[in-house]
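Subject: Handover of a structure and its description

Dear colleague,

Please find below the structure that I am handing over to you.

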Amino acid sequence: MDISLKLLLSELHIDLETSLRGNPRFSSYEIYVPGNAGHGDDVLLIAKLSEALTAAKGKALSFLCVRDRRQDALETAEALHQVYIINQNMDQKELLNAVRQVFSRIESWVMQMQESVLANRGMQDLMRLCEPIIGNHISVMDASFNLLAYTKNVEADDESLLHLVDTGYHPEVAQPEEALQLLLKHRPIEQFETAGEDGLIVSHDARVSQYATVKKLYRYNDSFYAIVTMVCSPREYSEAIEELYKLLLKYITYYFVKEQPQFAQLRYIESFLSELIRNTFLSEDEAKNRARSLHLPFEGCFELNLIVFYDTLDIPAVRLAQDLSIRLKDTNAIVYNRDILVLHRVAGTEDTESRRKLLADMIGELPCNSGVSNTFDSLWDMGSAYAQAQAAVSIGELLRLEEKGRSGFRFYLYEEYWHYHLIANSIEIMPSVLANSVAFKAVKTLQLYDKKHGSTLQKTLLSYLEQERNATSSGMLLHMHRNTVLYNIRKIEDILGLSLDEADTRMKLLLGLYASRMRRI
């Protein structure tokens with residue numbers, strides 16, 4: 001490890017008598033002893049000026065000096081080429097001890113970061129270690145501004161920054177609109193397009209912060225997947241503070257390399273799809289641009305699977321999502337609210353069946369089930385697809401309680417449960433109105449009759465209507481002779497005073513029976 005002279009002077013809080021030309025770097029330091037030869041050009045010699053002027057003649061040596069003589073004609077530009085005179089009243093020993101402390105502190109910090117990385121303690125531990133060294137607020141975010149790590153004990157007085165940290169950069173927490181709109185207002189992603197080859201941006205334009213900022217952009221496949229930002233407060237921006245920042249970046253980078261770029265890419269996709277579900281984009285065009293940067297098709301034929309776990313504590317959801325994304329063709333899987341969302345690009349019926357089989361095999365015996373949305377043709381409809389998948393798995397599990405002996409992983413397709421969803425929403429909106437409807441009154445009448453006589457007229461009516469009034473197929477499902485089915489249907493018509501020959505009546509009764517099946521009557 002080497003340290004630049006500008007960094008050393010900054011840590012010493014010392015200026016030079018003259019402006020520094022260039023910024024030499026040194027791997028070590030020594031006190032200068034006259035007559036001692038063999039010093040390398042990467043060693044900074046701590047000396048008295050009178051000794052340095054003599055020793056520097058014709059040699060490629062570098063000296064940091066205390067003044068012990070009056071300025072005279074001997075101090076030419078050539079003589080002082082690599083002789084740096086401090087503008088402070090201190091002796092050689094004091095300077096040596098001060099330099100030793102700086103080298104020791106920075107070397108110790110680097111060793112601690114190396115140990116942290118080897119022990120895989122995570123980026124947040126690196127943030128903790130850098131706080132007493134750098135002293136500025138630093139945050140690590142993915143490209144959708146979800147906070148991965150930050151300097152918790154370094155306060156910054158920038159209002160916008162504090163608001164973003166308070167909300168965790170996560171739109172689902174307190175006042176999400178303010179945090180997100182603040183970021184989008186300044187168009188930071190557009191700014192990132194100007195990043196150099198090293199992905200570093202030094203900004204003094206106060207677009208996001210009132211202070212100077214230094215940002216490091218991590219790229220994969222021409223898209224950004226991580227951002228490390230240093231806000232230069234309370235320590236102002238300088239080449240020295242940037243050097244410390246770059247030392248930190250060396251070890252932050254280890255985690256991104258270790259996790260492999262495709263996994264970092266998965267985090268970026270996870271944030272993007274989550275924002276689509278929450279509808280936090282200001283416009284569809286903005287969402288399209290973000291999808292383009294991810295090389296993610298925005299239009300096509302999509303299907304969304306929501307995998308809901310019933311014991312989330314021991315489920316390796318992140319690893320499972322990564323495996324699904326890699327093994328399933330044209331698929332992106334993310335963790336969302338402790339469940340897994342699986343977005344598929346659908347190629348056809350055969351592709352859908354084989355993909356579902358592979359997904360079920362990968363899930364194995366885990367306690368979960370999946371709700372499946374209808375197909376949709378734009379990622380802009382992710383929110384609706386998520387609501388469909390949620391409703392499908394919720395209603396499917398509710399109805400499954402009636403099915404004794406049925407267990408194991410199942411797919412619940414929204415298309416098969418949409419009418420239940422419609423009924424449930426209608427009941428929630430106007431329960432008293434529907435309670436007096438013909439359908440609900442008829443079902444309640446059958447419920448009371450079955451309870452009083454120990455019969456199953458309600459179940460018979462549901463099967464009969466679902467089987468399009470086919471008494472034979474209804475009888476097979478109910479384990480009942482077709483004549484018995486027809487007898488019970490005539491009894492139901494008599495009890496209700498209704499005729500099942502009328503389509504409108506059948507539709508009303510069927511909706512009421514569905515409501516009853518969901519325990520809404």
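The notes below go from the whole chain to its sheets, helices and salt bridges.

The model is predicted, so local features are given only at a pLDDT of at least 70 and side-chain atom pairs only at pLDDT 80 or more, whereas totals for chains, interfaces and linings use all residues. Residues are numbered from 1 along each chain as its sequence is written, and side-chain values use heavy atoms, with hydrogens and water left out.

The whole chain

Of the 521 residues in the chain, 50% are buried. Buried means under 20% relative accessible area, exposed means over 50%, and partly exposed lies in between (1.4 Å probe, protein chains only). Among contacts between residues at least 6 apart in sequence, 59% join residues at least 24 apart, a contact being heavy atoms within 4.5 Å.

The parallel sheet

Four strands form an open sheet in the order E3-E4-E5-E6, with parallel pairing. Two strands count as paired if DSSP finds at least two bridges between them. E3 (28-31) and E6 (83-85) are the edge strands, each with a single partner, so one side of each has no neighbour in the sheet. On average, neighbouring strands of this sheet are turned by 25° against each other, direction ignored. Three bridges connect E5 (residues 62-66) with E6 in the parallel sense, and Phe63 has Val83 as its bridge partner in E6.

Helix H3 (residues 92-118) lies across E3, E4 (43-48) and E5, and runs at about 160° to E3. Axes here are lines fitted to C-alpha atoms, for helices over the stretch in contact, and angles run from 0 to 180 degrees between N-to-C directions.

Strand E12 and its partners

Eight of the eleven residues of strand E12 (residues 299-309) are buried, so this strand is largely enclosed by the rest of the structure. E12 is joined to strand E14 (residues 339-345) by six bridges, and the two run antiparallel. With strand E15 (residues 368-372), E12 pairs in the antiparallel sense over five bridges. Leu306 stands opposite Leu341 in E14, and the bridge partner of Leu306 in E15 is Gly371. Strand E16 (residues 376-378) is also antiparallel to E12, with two bridges between them; there, Glu299 stands opposite Ser378.

Helices H18 and H19

Helix H18 (residues 471-478) packs against helix H19 (residues 482-496) at an angle of about 100°, with their axes 8 Å apart. The two helices are therefore roughly perpendicular to each other, a term that covers angles of 65 to 115 degrees. Ala471, Thr472, Ser474 and Gly475 of H18 meet Arg482, Val485 and Leu486 of H19 in this contact. By class, the contact comprises three nonpolar, three polar and one charged residues. In this scheme Ala, Val, Leu, Ile, Met, Phe, Trp, Tyr, Cys and Pro are nonpolar, Asp, Glu, Lys and Arg are charged, and the others, Gly among them, are polar.

Salt bridges

How many salt bridges does a search of the whole structure find? The search finds 18, where a salt bridge is a side-chain nitrogen of Lys or Arg within 4 Å of a carboxyl oxygen of Asp or Glu.

One of them joins the side chains of Arg67 and Glu17 (2.8 Å, N to O). This pair links distant parts of the chain, 50 residues apart: Arg67 is in the loop between E5 and E6, and Glu17 is in the loop between helix H1 (5-12) and strand E2 (25-26). Arg67 is partly exposed, with a relative accessible area of 29%, and Glu17 is partly exposed at 35%.

Another salt bridge is formed by the side chains of Glu243 and Arg25 (2.8 Å, N to O). Glu243 lies in helix H8 (residues 239-258) and Arg25 in strand E2, so the pair ties together parts that are 218 residues apart in sequence. Glu243 is buried at 10% relative accessible area, whereas Arg25 is partly exposed at 37%.

Glu75 and Arg69 also meet through their side chains in a salt bridge (2.9 Å, N to O), and Glu75 is buried, with a relative accessible area of 11%. Salt bridges that share partners join Glu17, Arg67, Arg69, Asp72 and Glu75 into one network.

With kind regards

Key: Angles under 35 degrees count as roughly parallel, over 145 as roughly antiparallel, 65 to 115 as roughly perpendicular and the rest as oblique.
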